[in-house]
Amino acid sequence: MPKYVAAIDQGTTSTRCMLFTHAGKSVGMRQLEHEQIYPKPGWVEHDPLEIWARTQEVIKGAMQGAGAKAEDIAAVGITNQRETTVVWDRHTGQPYHNALVWQDTRTDEICSDLAQDGGQDRFRAQVGLPLATYFSAPKIKWLLDNAQGLRQAVERGDAIFGNMDTWLIWNLTGGPDGGAHITDVTNASRTMLMNLDTLNWNPDIAQTIGVPLSMLPEIRPSSDPALYGYTRPDGPFGAKIPVCGNLGDQQAATVGQACFSPGEAKNTYGTGCFLILNTGQEIVASENGLLTTVCYQFGDEPAIYALEGAVAITGALVQWLRDNLQLISSAPEIEDLAKTVDDNGGVYFVPAFSGLFAPYWRSDARGVIAGLTRYVNRGHIARAALEATAYQTRELLDAMRADSGVELTALKVDGGMVANNLLMQFQADALGAPVIRPKVAETTALGAAYAAGLAVGFWQNTAEMRRNWGVDKTWQPSEDDTARTEGYRMWKKAVTRTFDWIE
């Protein structure tokens with residue numbers, strides 16, 4: 001009798017595998033980072049073959065850590081950095097180019113050209129997304145125009161596209177030897193090529209952007225009792241195990257947080273920051289710079305939709321302070337350094353390294369540190385970096401409130417940065433609402449496990465999953481409203497200084 005569900009969480013900076021019990025408890029975990037490749041300013045790449053190698057290593061490591069055998073695993077679920085784009089040869093498994101990461105801005109000119117007819121919202125009515133460098137379709141177009149031999153390979157039927165979920169599932173289920181070329185509705189909804197209402201590829205948009213439909217994977221439910229396929233016996237699991245759960249990372253965290261009712265929201269603090277509000281079966285068009293996206297689809301049930309606010313740089317800012325400026329030697333040190341001062345010393349940090357995402361969608365923006373004086377020290381910079389995360393989240397919630405009319409009563413949080421108590425307290429202060437951390441903070445992997453486990457009956461329904469959710473800690477907003485009034489006003493002022501930097 002299987003005891004666990006395995007989840008592979010393929011993120012922007014690392015890949016991990018976790019095994020979960022029926023109670024939603026993690027019993028084995030292995031995580032490895034992969035290289036961040038920066039060929040030019042604004043360009044960000046990953047090596048897909050390195051990521052596949054890391055994936056195999058973390059699967060074996062998680063299994064060993066839990067003392068688990070293949071027969072202990074009921075199913076495998078995948079969650080992934082969503083828009084990151086890979087094109088590879090279906091016969092050899094060789095990528096034609098490094099993956100273009102969601103943060104990459106090289107497609108700015110492609111997006112501008114497409115916006116000449118119909119503006120930035122040209123396709124928004126069908127796909128829920130603005131024209132932006134963030135999404136997959138312009139990245140595919142760039143690869144077709146620039147990767148040597150790719151167009152000819154597409155014409156021969158050799159080249160296929162996928163985000164990281166598709167790449168991993170294809171490799172897990174056989175690769176060149178019959179690997180399943182599939183994606184799920186949540187990842188497909190981030191390509192700018194899928195109709196939100198029909199959950200099918202839109203041939204007109206694909207043709208307009210210049211993406212051949214023959215490259216695209218089959219779209220399947222996020223939790224699929226029909227199964228995507230089985231892991232190979234000679235693969236890292238060492239046996240045939242159903243692969244049947246797939247969710248983009250932010251949708252996976254929403255499922256892991258058990259936000260199954262309309263109006264429930266979660267915020268994930270990772271490389272970027274991603275706030276998702278469940279809107280049920282209703283497709284809510286945003287008038288305030290948010291994305292309309294698919295939240296999940298379980299089996300043959302109707303798709304559930306969401307509003308999402310996306311911030312490009314939050315945890316990545318701490319990583320930048322560590323790696324590029326060497327202000328700290330490890331990410332957790334940011335909290336201690338920020339605590340050496342009582343406030344930000346008048347400094348505001350807007351990390352628009354990849355432009356600004358929601359609610360602005362300004363690819364011409366670049367990062368600024370505003371308010372510098374001789375008084376400012378390392379502690380003020382560290383504190384301003386943490387405050388940037390909280391203020392960017394506040395902007396998203398203001399936009400969400402305007403679109404949905406729903407007042408926030410509390411914010412469920414997850415991701416690596418929620419271990420930072422100072423940040424979480426400041427987040428509550430900036431919002432004027434409680435911030436709640438669950439017992440399982442890594443809800444992204446848990447959501448992928450839920451999707452896979454639901455498909456094979458390991459969990460019977462969402463009520464079972466909801467019972468697993470529990471509160472670890474709650475931060476209440478302080479009586480001092482400086483953060484949500486004067487501090488927030490100055491933050492908004494600093495944001496305007498980032499505009500029009502790229503001409």
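**Pockets and aromatic pairs in a predicted model**

Let me begin with the largest pocket, which holds about 920 Å³ of space. This is a predicted model, in which local features need pLDDT of at least 70 and side-chain atom pairs count only at pLDDT 80 or more, while totals for chains, interfaces and linings use all residues. Residues are numbered from 1 along each chain as its sequence is written, and side-chain values use heavy atoms, with hydrogens and water left out.

As for the term itself, a pocket here is an open set of points, on a 1 Å grid over the protein atoms alone, where a 1.4 Å probe fits and where protein lies on both sides within 12 Å along at least five of seven lines; lining residues have an atom within 4 Å of a point. Grid points are joined across faces, edges and corners, and the volume is the space filled by probe spheres set on the points.

The lining of the largest pocket has 40 residues, and those nearest its centre are T13, Y269, G270, T271 and G416. By class, this lining divides into 12 nonpolar, 18 polar and 10 charged residues, where Ala, Val, Leu, Ile, Met, Phe, Trp, Tyr, Cys and Pro count as nonpolar, Asp, Glu, Lys and Arg as charged, and the others, Gly among them, as polar. Several elements each supply at least two lining residues, including β2 (14-20), β3 (26-33), α10 (315-323) and α14 (443-455); helices (H or I, at least four residues) and strands (E, at least two) are DSSP runs numbered from the N terminus. Which element gives the most to this lining? That is α10, with five residues.

The second largest pocket contains about 530 Å³ of space. It is lined by 22 residues, of which Y38, V44, W320, N324 and F353 are the closest to its centre. Here too α10 provides the largest share of the lining, with four residues, and the lining as a whole divides into eight nonpolar, 10 polar and four charged residues.

Turning to the aromatic residues, the structure holds 23 aromatic pairs, a pair being rings of Phe, Tyr and Trp (its six-membered ring) with centres within 6.5 Å, called stacked if the planes are under 30 degrees apart, edge-to-face if over 60, and tilted otherwise. In one of them, the ring centres of F260 and Y296 lie 5.9 Å apart with the planes at 90°, so the pair is edge-to-face. Because F260 sits in the loop between α9 and β13 and Y296 in strand β15 (residues 291-296), this pair ties together parts that are 36 residues apart in sequence. F260 counts as buried at 11% relative accessibility, and Y296 is buried at 6%, where buried means under 20% relative accessible area, exposed over 50%, and partly exposed in between (1.4 Å probe, protein chains only).

Is W320 buried or partly exposed? W320 is partly exposed, with a relative accessible area of 24%, and F353 is likewise partly exposed, at 26%.

Finally, W102, Y134, F135, F274, F357 and W361 form one aromatic cluster.
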